[in-house]
Amino acid sequence: MIVIDDKYISDEVVEKNFVCNLTACKGACCVAGDCGAPLEEAELPILKKIFPKVKPYLREAGIAEIEKTGFHTWDDEHGHVTPIVNGAICAYATIDELGVVGCGIEKAYKDGVIDYKKPISCHLYPIRITKYESFEAVNYDKWSICKPACKLGNQLQVPVYRFLQEAITRKYGAEFYAVLDKIATKQHLEEEDI
């Protein structure tokens with residue numbers, strides 16, 4: 001385990017390899033599961049504010065679900081989450097002509113329509129953060145639908161934390177990421193010497 005300030009980072013975050021492979025998984029993480037994406041308290045007003053600009057990117061079923069249930073819903077295990085349509089796909093999801101599921105929020109961001117990329121829990125996946133009273137646990141979430149990402153990560157030799165550099169920096173800052181990278185690189189070099 002790596003400890004940086006009050007963040008307890010699982011060794012798997014630096015030891016496991018991972019690179020999203022959307023052509024293989026088709027964005028299954030936006031469809032599978034029993035609830036939407038976990039949201040931070042600070043993200044709730046953002047979703048409300050950006051909805052008019054994101055709405056043109058969304059599917060009719062997603063728009064209808066958001067208008068019916070709200071910009072977010074509640075899950076007993078994860079707290080505030082994005083709404084889901086028919087117990088499955090995220091209401092903010094899009095589906096392209098190849099059947100790949102993406103994020104309407106992220107598409108609006110890439111088009112320069114909004115300045116919010118997407119929920120941080122989505123950006124950080126496969127890292128999941130659990131907040132406790134005095135620390136945060138930063139864990140690698142192993143999910144069978146991500147086997148193609150693990151395979152591609154192994155082929156390219158890209159550790160989870162490196163794949164998620166932008167997301168980790170967004171969440172914790174550049175200094176945090178630099179410390180994590182320094183520790184992970186040192187551990188890797190020590191393992192090679194054994």
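# Pockets, domains and a cavity: worked exercises

The second largest pocket has a volume of about 450 Å³. Keep in mind that you're looking at a predicted model.

**Exercise 1.** Work out which residues and elements line the second largest pocket, and which classes they belong to.

*Solution.* 
- Step 1: start at the middle. The lining has 17 residues, and the closest to the pocket's centre are Pro38, Leu39, His78, Ile129 and Thr130.
- Step 2: move on to the elements. Strand S4 (79-81), helix H6 (120-124) and strand S9 (127-131) each give two or more residues to this lining.
- Step 3: pick out the top contributor. That's S9, with five residues.
- Step 4: sort by class. You get six nonpolar, five polar and six charged residues.

**Exercise 2.** Find out where the second largest pocket sits relative to the domains, and explain why.

*Solution.* 
- Step 1: The domain assignment gives domain 1 as 1-18 + 126-193 and domain 2 as 26-117.
- Step 2: check who supplies the lining. Both domains give residues to it, so the pocket lies between them.
- Step 3: look at how the domains are placed. Their centres, taken over C-alpha atoms, are 25 Å apart.
- Step 4: look at where they meet. Seven residues of domain 1 are in contact with nine residues of domain 2.

**Exercise 3.** Describe the largest cavity: how much space does it hold, and what lines it?

*Solution.* 
- Step 1: count first. There's one cavity of 30 Å³ or more in the structure.
- Step 2: give the volume. The largest cavity holds about 30 Å³ of space.
- Step 3: list the lining. You'll find Ile9, Val13, Ile127, Val138, Ile168, Tyr172, Phe176 and Leu180 there.
- Step 4: sort by class. The lining has eight nonpolar residues, with no polar and no charged ones.

**Exercise 4.** Place Asn21 in the fold and say what it touches.

*Solution.* 
- Step 1: locate Asn21. It's in the loop between helix H1 (12-15) and helix H2 (22-25).
- Step 2: check its side chain. That makes a polar contact with the side chain of Thr23, at 2.8 Å.
- Step 3: skip the neighbours within four places in sequence. Asn21 is then in contact with Pro148, Ala149 and Leu152.

**Exercise 5.** Where in the protein is confidence lowest, and where is it highest?

*Solution.* 
- Step 1: take the overall picture. The average pLDDT is 94, and 97% of the residues score at least 70.
- Step 2: compare the ends of the range. Helix H10 (residues 174-193) is lowest, at a mean of 85, while helix H3 (residues 43-54) is highest, at 98.

Conventions. Residues are numbered from 1 along each chain as its sequence is written. This is a predicted model: local features need pLDDT of at least 70, side-chain atom pairs count only at pLDDT 80 or more; totals for chains, interfaces and linings use all residues. Side-chain values use heavy atoms; hydrogens and water are left out. Helices (H or I, at least four residues) and strands (E, at least two) are DSSP runs, numbered from the N terminus. A polar contact is a pair of N or O atoms within 3.5 Å; within protein, one must be able to donate a hydrogen and the other to accept it, and residues adjacent in sequence count only if both atoms are side-chain atoms. Contact means heavy atoms within 4.5 Å. pLDDT is the predictor's confidence in each residue, from 0 to 100. On a 1 Å grid over the protein atoms alone, a cavity is a set of points where a 1.4 Å probe fits but cannot get out, and a pocket is an open set with protein on both sides within 12 Å along at least five of seven lines; lining residues have an atom within 4 Å of a point. Grid points are joined across faces, edges and corners, and a volume is the space filled by probe spheres set on the points. Ala, Val, Leu, Ile, Met, Phe, Trp, Tyr, Cys and Pro count as nonpolar, Asp, Glu, Lys and Arg as charged, and the others, Gly among them, as polar. Domain bounds come from an automatic or database domain assignment.
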